[in-house]
Amino acid sequence: MKLAGLLILCLALVARAEAPPVAIRDPQAPAVRELVDLAKLDAGLRFDLRYATPDNFTKTTLYPVAKAYLHHTAAEAVVQAQRELAKEGLGLKVFDAYRPLAVQWTMWKLIHDDRYVSDPRINAGRHTRGTAIDLTLVDREGRELLMPTPFDDFTERAHRDAKGIAPEAARNAKKLEKVMQKYGFIPYPFEWWHFDFRDWKKHPPLDVPLEQLP
Ligand SMILES: [Zn+2]
């Protein structure tokens with residue numbers, strides 16, 4: 001009997017591990033209504049939303065609209081970081097923010113390396129919670145500052161502890177990291193461009209398509 005019980009437990013654990021994550025799909029759900037469109041904040045942020053174009057690692061357009069949404073608390077923190085950078089003639093350029101879970105699955109099937117794309121079976125992703133952002137620094141004219149690699153370069157050169165990075169690029173990545181940390185973001189170790197807001201794990205994953213958001 002004991003063995004049978006153990007077997008049932010094991011089967012239950014396997015089923016649980018492979019069960020698709022529960023994500024909120026109702027556009028009217030409170031967690032969805034807490035997302036804000038970063039472009040509407042009038043903070044002078046710049047955008048290059050790569051997944052709304054084929055110019056990304058999948059070579060396909062994954063988002064039907066070029067929109068960047070974040071939970072309003074994380075969005076306010078990005079605005080504060082932007083204001084601080086503006087004092088020295090710099091700014092932020094956003095590559096990606098909220099990502100519907102369905103798109104996370106598409107990416108995972110293409111990459112299959114959880115250093116670079118969150119495995120949606122385990123934590124349902126990071127960008128799906130509306131608390132993760134991919135971004136870089138730009139100058140007054142909107143030109144990107146030199147960074148260790150291009151965006152979505154899934155190599156070890158994009159890691160925060162990468163060796164042999166040109167000093168200027170390393171300095172710029174550090175500058176971005178410092179200002180984002182100051183306003184509550186946690187730098188992701190494997191991608192210089194990715195930051196999660198401090199309480200990201202408390203936010204539920206969402207699966208509302210971008211075109212259904214206001
Ligand atoms: Zn990211």
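## Strand E7 and the sheet around it

Q: Which way do His194, Phe195, Asp196 and Phe197 point from E7, and are they buried or exposed?
A: His194 and Asp196 point one way from E7, while Phe195 and Phe197 point the other way, and all are buried. Here a residue is buried if 20 or more other C-beta atoms lie within 10 Å of its own, exposed if 12 or fewer, and partly exposed in between, with C-beta atoms placed from the backbone. Helices (H or I, at least four residues) and strands (E, at least two) are DSSP runs, numbered from the N terminus.

Q: What sort of model is this, and how are residues numbered?
A: This is a predicted model, in which local features need pLDDT of at least 70 and side-chain atom pairs count only at pLDDT 80 or more, while totals for chains, interfaces and linings use all residues. Residues are numbered from 1 along each chain as its sequence is written.

Q: What's the strand order in the sheet?
A: The sheet is open, has five strands in the order E2-E4-E5-E7-E6, and its pairing is mixed. Two strands pair if DSSP finds at least two bridges between them. Strand E2 (46-47) and strand E6 (185-187) stand at the edges with a single partner strand each, so one side of each is left without a neighbour in the sheet.

Q: How does E7 pair with E5?
A: Strand E5 (residues 132-138) and strand E7 (residues 194-197) run antiparallel and are joined by three bridges. Within that pairing, Ala132 stands opposite Asp196, and Asp134 stands opposite His194.

Q: And how do E6 and E7 run?
A: E6 and E7 also run antiparallel, joined by three bridges, and they form a hairpin with six residues between them. Pro187 has Phe195 in E7 as its bridge partner.

Q: What about the E2 side, how does E2 pair with E4?
A: E2 and E4 pair in the parallel sense over two bridges, and Phe47 stands opposite Val94 in E4. E4 is in turn joined to E5 by five bridges, with those two strands running antiparallel, and the bridge partner of Val94 in E5 is Leu135.

Q: What else does Val94 touch?
A: Leaving out residues up to four places away in sequence, Val94 touches Leu38, Leu45, Phe47, Ala68, Ile133 and Leu135. Contact here means that the C-beta atoms of two residues, placed from the backbone, lie within 7 Å.

Q: Switching to the core, which residues have the most contacts inside it?
A: The largest nonpolar core has 44 residues, and those with the most contacts inside it are Leu38, Tyr69, Leu70, Val78, Val94, Ala97 and Ile133. Such a core is a set of buried Ala, Val, Leu, Ile, Met, Phe, Trp, Tyr and Cys residues joined through C-beta atoms within 7 Å. The largest share, five residues, comes from H3.

Q: Where does H3 lie?
A: Helix H3 (residues 72-86) lies across strand E4 (91-96), E5, E6 and E7, and runs at about 145 degrees to E4. For such angles, axes are lines fitted to C-alpha atoms, for helices over the stretch in contact, and the angles run from 0 to 180 degrees between N-to-C directions. Helix H5 (residues 167-182) packs on the sheet too, touching E5, E6 and E7, and its direction makes about 150 degrees with that of E6.

Q: Which residues of H3 are buried?
A: The buried residues of H3 are Ala74, Ala75, Ala77, Val78, Ala81 and Gln82. They cover an arc of only 160 degrees around the axis, which puts them on the same side of H3; the arc is that of the directions from the helix axis to the C-beta atoms.

Q: Which ones are buried in H5?
A: In H5, Asn172, Ala173, Leu176 and Met180 are buried, and because they cover an arc of only 95 degrees around the axis, they sit on the same side of H5. The buried residues of H5 pack against H3, E5, E6 and E7, while Pro167, Lys178 and Lys182 are exposed on the other side of H5.

Q: Last one, where is Ala39 found?
A: Ala39 is in the loop between E1 and E2, and is partly exposed, with 16 other C-beta atoms within 10 Å. Not counting residues up to four places away in sequence, Ala39 touches Phe47 and Ala68.
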